[in-house]
Amino acid sequence: MASRSSSPARDLSWLVAIDGAAVLGSFALACMTPFAALAAASALTLSRRAGVMAVLGAWLLNQIIGFGFLGYPTDPMTILRGVAIAVSALAGFGVAHAVRGSAGTLSLARMVAAIAGAFVAYEVVTYLTAMVLGGTENFTPAIVWMLARNDAMWFTGLMALYLALTASAPSVFGRRPQLRLA
C-alpha cells in the first residue's frame, strides 16, 4: 500500500517529527518510551518502509540516550532486552499497519484498533522476552494499565500533531487525510 501521500520528502518530514517525539519520550520517561504509540502512529501515517525506519530510528535513538546519557548498564542481559524492545516495537508496527485502511483517509475505529493492536503486540512480545530473560513481575495489571494509558496519550498527541501539521503545512507534511468514524 502506498503512503498517505506518496512523497519521500513528506515521509522524511514526519519520520523526523516522530523520532523527535521519541527523543523527548526517552529523556522524559526513560523506561516508558511509548513504542506502541510510535509504532501505531508510524503505521497509520507513513509508507511501510518509512514506518519501519521511523520505528527503528526511535528505538536506536532511545538506546543511544539510554546507554549514552542515562547510564543503562552494558551487560549482555540489558543489551538483549534492548534488542527485544526493537522486535516488540516492530511487532506493534506490523499489527497496526495491518489495520490502517486506504491511503488518504483516517478512521477513528482504525486508529483505536491500531493503537490497541500495537500495544497488545508490543506487550506480548515483551512478556515473552521476560519469560526467558526474567522480569515477568513487571507485568502486573497496575503497571500494564499505566503503560497503556501512557501509550494512548502519546498516540493521541502524535495523531493530533500529524493532523495539525498536515493542515498547516501540506507542502511539507502532505495533504490532511479525510477523517471518518468507521
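**Helix packing around α4**

In the predicted model, helix α3 (residues 48-68) and helix α4 (residues 76-98) approach one another with axes within 10 Å and cross at roughly 155°. The two helices are therefore roughly antiparallel to each other, since angles over 145 degrees fall in that class. The crossing of α3 past α4 is right-handed. On the α3 side, the contact is formed by R48, G51, V52, V55, L56, W59, Q63 and F67. The α4 side contributes T78, I79, G82, V83, I85, A86, A89, L90, F93 and H97. Classified by residue type, this contact of α3 with α4 comprises 12 nonpolar, 5 polar and 1 charged residues.

Helix α3 itself consists of 21 residues and extends 29 Å from its first C-alpha to its last, close to the 30 Å expected at 1.5 Å a residue. Its buried positions are A50, G51, A54, V55, G57, A58, W59, N62, Q63, I65 and G66. Among these buried residues, G51, V55, W59 and Q63 also take part in the contact with α4.

Helix α4 also packs against α5, at an angle of about 150° and with the axes 8 Å apart. This angle makes α4 roughly antiparallel to α5. The crossing of α4 and α5 is likewise right-handed. From α4, the residues in contact are M77, L80, R81, A84, I85, V87, S88, A89, A91, G92, V95 and A96. Their counterparts in α5 are A114, G117, A118, A121, Y122, V125, T126, T129 and L133. The contact of α4 with α5 divides into 15 nonpolar, 5 polar and 1 charged residues. Within α4, I85 and A89 belong both to the contact with α3 and to the contact with α5.

The loop between α5 (108-133) and α6 contains G134. With a relative accessibility of 28%, G134 counts as partly exposed, because that class lies between the 20% limit for buried and the 50% limit for exposed residues. Apart from its neighbours within four places in sequence, G134 is in contact with R81 and T129; R81 of α4 and T129 of α5 are also part of the contact between those helices. The C-alpha atoms of G134 and A22 are separated by 26 Å, at 112 residues apart along the chain.

Helix α6 (residues 141-168) has 28 residues, which at 1.5 Å a residue should span 40 Å; the end C-alpha atoms are 40 Å apart, in agreement with this expectation. Buried residues of α6 are L147, N150, D151, F155, L158, M159, Y162, L163, L165 and T166.

Conventions
Residues are numbered from 1 along each chain as its sequence is written. This is a predicted model: local features need pLDDT of at least 70, side-chain atom pairs count only at pLDDT 80 or more; totals for chains, interfaces and linings use all residues. Side-chain values use heavy atoms; hydrogens and water are left out. Axes are lines fitted to C-alpha atoms, for helices over the stretch in contact, and angles run from 0 to 180 degrees between N-to-C directions. Helices (H or I, at least four residues) and strands (E, at least two) are DSSP runs, numbered from the N terminus. Angles under 35 degrees count as roughly parallel, over 145 as roughly antiparallel, 65 to 115 as roughly perpendicular and the rest as oblique. A crossing is left-handed if the near helix is turned anticlockwise from the far one by less than a right angle, and right-handed if clockwise. Contact means heavy atoms within 4.5 Å. Ala, Val, Leu, Ile, Met, Phe, Trp, Tyr, Cys and Pro count as nonpolar, Asp, Glu, Lys and Arg as charged, and the others, Gly among them, as polar. The expected span of a helix is 1.5 Å times one less than its number of residues. Buried means under 20% relative accessible area, exposed over 50%, partly exposed in between (1.4 Å probe, protein chains only).
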